[in-house]
Amino acid sequence: MRVSWFLLLLPFVSASALAATPAAGHASGPPAFMGQLTLLLLVAGATAFASFRLGLVPIIGFLFAGVLAGPSALGIIDDPALIGAASEIGVMLLLFTIGIEFSLDKLARIFRLIFVGGGLQVLLTVAAVTGVLLAFGVSLPNAVFTGFLLSLSSTAIVTKILESRGGVGSPTGQASLGILIFQDLAVVVMVLLVPMLAGQGGGAGGLVVALLKAGGIVAAVLLLARRVVPKLLEVVARTCSQEIFLLSTLSLCFATAYLTSLAGVSLALGAFLAGLLVSESRFGQQAFGEILPLQILFSAAFFLSVGLQLDLGFLWTHLPLVLGAVAVFAVLKALAAALSVRLLGFPLATAAATGWLLAQVGEFSFVLESSGRALGLSPAGLGETGTQTFIAATVLLMALTPVMATLGERLGALGRARPAPTAAPAEAPTRAEPNPEAPLAHLSGHVLVAGFGDHARRLVKGLAAQQVPFGVLTLSPDGAAQVTAHGYPVLIGDYARAGLLGDAGLASARALVVLDDVPEMTARVIGVARTLNPELTIVAHTDEPGEIATLRGVGATHVLTSTDAVARGVLGLLTLPSTPPMTLSAKQQQMCDHAHSVTVVHPDSLDTCPECVAQGDSWVHLRVCMTCGHTGCCDSSPNRHATAHAQSSAHPVIRSLEPGEAWAYCYVHDRTAPR
């Protein structure tokens, strides 16, 4: 187990471990927490597999697994402290990854969708719920609190459904994501307002103080995001150590969450702000890839804990009440979301599809409900009955989300089949916004170059010369800076991770070329890439002939061992000339009587003199022989390899390979001619 995983497990196993410490003189057995932790992992793994086979969103499977494993059913998981601690970490990591995905620039790009559409949806839902409950005699604090709970939808479930159905870039997907982003931001304000509703926030003055405090925290975060954190992550990333980067990122997440909690703001909000900090650096995508496996693990614990809270006995004895709540919640939420989207100018079909997609209650509602319950608030002011009704209805709504999403799609299809008014929407995106965190995902038929050393530099120059689309994957900030300086596309991160390879467009790539210096890393990248794309051409390089069989065994199509012509070999395997063809102009061919010896040639190299490199030099002022394509250094260099080649081979004409130069020179006639 990696040390970072162990550190993550410590917060919720240490208390159990201390409690289970055997007395002196007694034989020690496994810690008390070990059985529950093992059951948690087994249930999560089995549920994820079963959900995949059944075509369900895994989160919904976790909910059902929690119900079955909970105390009201099989009772195999009965340690609420362990599950509660794991779920709290899950919420933190979930908000942290959401913060990384947001970024301030992304928020600015879809400002209207977020703050107008999302603001309308939240305000309409809270107002409608509050008005209905007040009419039934519920107190104002409990009515508003219930409105808060119902105004939130499940970001995790909706995004999974959109991804599985390929609808993230559709108008429905864009409208849904805009509203979900606002809801996640609104949780920040709701967390501050819940104590006020319970009468423990000092009234209007307390609210002002709380908002000022929150504003100060956000301002501090923005300052750190722009000035401090990118430089800090730059230093950490230069180590090119995945472990150090992961531990540093997690430390930032937990430290920010802890410090904000000391200031009276929730751990979840602190984790979200930490994600925003990371998103403003160029290492946001790398951080997201590192955190995602941990976030999935602890999010599974969170949704399992939600299922554990469902009392099957209460559901059975209060079934009409729960089903009635499900129907009311779904219809009210669908109407509020649909009206919000319609007011933005979207067609009725899009509004209906979006409304039913967002008709469930979200995971953060459970966090809010727990906070309110501790302060004496409850859904609809019904105490424990209201809490259990809310939990049961929410679990059922989450489980029904795919069904409601399909219902919305069908209603949308009916709406499109009828003639509709021709009024143009005020702002309805017709395609997905480009994702700046995945700059290679738009490519197709491209070559991915994993690693950026000397061989990779020569290869990308050859690819650029042939106008072949390509992207570079690297862990090194210095390497990324060099790639960017030449205007080439680059993605920073661990290219052995499936998520980063997916963002690089591996599924539609022409080939993957792995030029990492570490054989173990090369094998790992090939293995992951082969799993993701079984038909992909994968070219690897190694300096150790004994590694060839290993690399072929994990899925490499070709393995190169030459230390001098790797770039040329890769281009040859891709049926590309290693360099663009070169010839002389008609004017240049008239400068001497050696034109018969001039051919269309491909230079040996575009960036260095191969003979200088072999001697340990790195001269780059180059000339190319127009008879055979030999590349050599100029007469200003100590070695004068271009002239030496001309004298030994009797090839009289050369051309300059310097950027912006196209002159040719004849040694015999000592004459230079421009293009």
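## Close-up views of a predicted model

At 0% relative accessibility, H446 counts as buried (buried means under 20% relative accessible area, exposed over 50%, and partly exposed in between, with a 1.4 Å probe and protein chains only). This is a predicted model, in which local features need pLDDT of at least 70, side-chain atom pairs count only at pLDDT 80 or more, and totals for chains, interfaces and linings use all residues. Residues are numbered from 1 along each chain as its sequence is written, and side-chain values use heavy atoms, with hydrogens and water left out.

**View 1. H446 and what surrounds it.** You'll find H446 in the loop between α19 (383-417) and β1 (447-450). Helices (H or I, at least four residues) and strands (E, at least two) are DSSP runs, numbered from the N terminus. What does the side chain of H446 reach at 2.9 Å? That would be the backbone oxygen of A504. The backbone oxygen of G505 also shows up, 3.4 Å from a polar atom of the H446 side chain. Skip the neighbours within four places in sequence, and H446 is in contact (heavy atoms within 4.5 Å) with L440, P469, F470, A504, G505, S508, A509, R510 and A511.

**View 2. Helix α6 meets helix α9.** Two packed helices are described by the angle between their axes and the distance between the axes. Here, α6 (residues 111-135) and α9 (residues 171-197) pack at an angle of about 70°, with axes 8 Å apart. That makes α6 roughly perpendicular to α9. The axes are lines fitted to C-alpha atoms, for helices over the stretch in contact, and angles run from 0 to 180 degrees between N-to-C directions. Angles under 35 degrees count as roughly parallel, over 145 as roughly antiparallel, 65 to 115 as roughly perpendicular and the rest as oblique. On the α6 side, the contact is made by L113, I114, F115, G117, G118, G119, Q121 and V122. On the α9 side, look for Q174, A175, G178, I179, I181, F182, Q183, L185 and M190. Sorted by class, this contact has ten nonpolar, seven polar and no charged residues. For the classes, Ala, Val, Leu, Ile, Met, Phe, Trp, Tyr, Cys and Pro count as nonpolar, Asp, Glu, Lys and Arg as charged, and the others, Gly among them, as polar.

**View 3. Helix α6 again, now with helix α7.** How does α6 pack against α7 (residues 140-151)? The angle is about 140°, with the axes 8 Å apart. That makes α6 oblique to α7. From α6, the residues making the contact are Q121, V122, T125, V126, V129, T130, L133 and L134. From α7, they are L140, A143, V144, T146, G147, F148, L150 and S151.

**View 4. S378 in its loop.** S378 sits in the loop between α18 (363-374) and α19. Is S378 buried or exposed? With a relative accessible area of 6%, S378 is buried. Leaving out neighbours within four places in sequence, S378 touches N142, F145, T146, G383 and T387.

**View 5. Helix α17 and its covered residues.** Helix α17 (residues 348-357) is mostly covered, with nine of its ten residues buried. Those buried residues are A349, T350, A351, A352, A353, T354, G355, W356 and L357. Take A349, which is buried with a relative accessible area of 7%. A349 and L411 are 62 residues apart along the chain, yet their C-alpha atoms are separated by 6.8 Å.

**View 6. A464 and its contacts.** A464 belongs to helix α20 (residues 454-465). A464 is partly exposed, with a relative accessible area of 29%. Which residues does A464 contact, leaving aside its neighbours within four places in sequence? They are F470 and Y488. A464 and Y488 are 24 residues apart in sequence, and 8.5 Å apart in space from C-alpha to C-alpha.

View 7. R640 has a positive phi of about 50° although it is not a glycine. R640 lies in the loop between β8 (631-633) and α28 (641-649), and counts as partly exposed at 40% relative accessibility. A650, also not a glycine, has a positive phi of about 60°. Look for A650 in the loop between α28 and β9 (653-656). At 62% relative accessibility, A650 counts as exposed.

Notes
Polar contact = N/O pair within 3.5 Å; in protein donor to acceptor, adjacent residues only side chain to side chain.
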